[in-house]
Amino acid sequence: MDLGITGRTALVTGGDSGIGWETARILLDEGATVVLSDQDADSLAEAAARLDAPEGRLHHVAADLSTDEAVKELAASVTDLVGDLDILVQSAGITGAQGLFHEIDDEGWTTTLTVDLLAPIRLTRAFLPGLRRGGWGRIVYLASEDAVQPYDDELPYCAAKAGVLAFAKGLSRTYAEEGLLVNCVSPAFIKTPMTDAMMEKRSKEIGSSVDEAIESFLDEERPYMELGRRGLPEEVASVVAFLCSDRASFVNGSNYRVDSGSVATI
Ligand code: NAP
């Protein structure tokens, strides 16, 4: 299926690994010009090189999205490189502070909410004028199953991602008539550095191999993931790319679950 985005400009945050990198790969294959962003300049450059994109169609700009100032600087750099954006994919994120509520201090909450909720809001504010100007735009936020099925050992992450869903839904009402469509994708337990780190930590805690930690996590913590395995980043990226496309022209304000059934409700 041709996604109809040849010549469109896209920014993918969280782009040096996982879901963001795979999304950038598909958008490039589909003919878009992509700016890849992440916080570590070296691994970002290496990730961009691995994409092996045609000359002039891939740029990379490092930015730590923890402050509004850095987000504004990113917006200025991106605009210098490619002009107005047509597509914004917000994939940067952290697991953030973990533990039960009484074990998480204010700093844990602030750090998590800053990256997982405020950064998407700030990015949207910074890029909105350009996204509106073209009369065609797509914003996709990576939320999470945790937004609607919160787990009590990562409440800051759950609250941030629930905030993203509410923000995206509200935002989708404002600009749709102008052609700017806003949607979310909510994965569960995808094989990326984020869950690699979670599983390494779990394997140490329970004294097992990483593979055994994954198996016990699926059995005990994610019983409704009916496929019985971690998802692959490309299995999420294909849905993100669809939502970035001209094919998704009647999809707005939605939250696509890519979780093999993890969220137990309909
Ligand atoms: P990932 O490979 O770790 O990607 C997240 C990226 O965000 C990393 O490259 C990370 O950089 C970057 N990042 C973190 N803090 C940042 C900051 N302050 N400024 C700029 N970039 C920052 O993980 P992923 O699984 O692909 O995650 C992508 C998105 O999907 C996230 O929003 C995540 O919450 C969401 N999600 C993932 C899963 C899953 O199972 N993997 C499930 C539900 C939702 P560093 O590597 O330098 O830290």
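Predicted model: local features only at pLDDT ≥ 70, side-chain atom pairs only at ≥ 80, totals over all residues.
**Notebook: the ligand site**

I began with Thr192, where a polar side-chain atom lies 2.6 Å from an oxygen atom of the ligand.

In the side chain of Tyr157, an N or O atom is 2.7 Å from an oxygen atom of the ligand. For the side chain of Gln39, I read 3.1 Å between an N or O atom and a ligand oxygen atom.

Next I listed the surroundings. I found 29 residues around the ligand, and Ser17, Asp38, Tyr157, Ile190 and Thr192 are the closest. Sorted by class, the shell has 15 nonpolar, 10 polar and 4 charged residues.

Which helices each supply at least two residues of the shell? I noted H1 (18–29), H5 (155–175) and H6 (193–206). H6 gives the largest share, 3 residues.

I also looked up the domains. Domain 1 (9–190 + 233–258) and domain 2 (192–230) each contribute at least three residues to the shell around the ligand.

Last, I checked the pockets. The ligand takes up the space of the largest pocket.

Methods:
Residues numbered from 1 in each chain as written. Heavy atoms only, no water. Near = heavy atom within 4 Å. Polar contact = N/O pair within 3.5 Å; in protein donor to acceptor, adjacent residues only side chain to side chain. 1 Å grid on protein atoms, 1.4 Å probe; cavity = no way out; pocket = protein on both sides within 12 Å on 5 of 7 lines; lining within 4 Å. Sits in = over half its atoms within 2 Å of the grid points. Helix = DSSP H or I, 4+ residues; strand = E, 2+ residues; numbered from the N terminus. Nonpolar A, V, L, I, M, F, W, Y, C, P; charged D, E, K, R; others polar. Domains from an automatic or database assignment.
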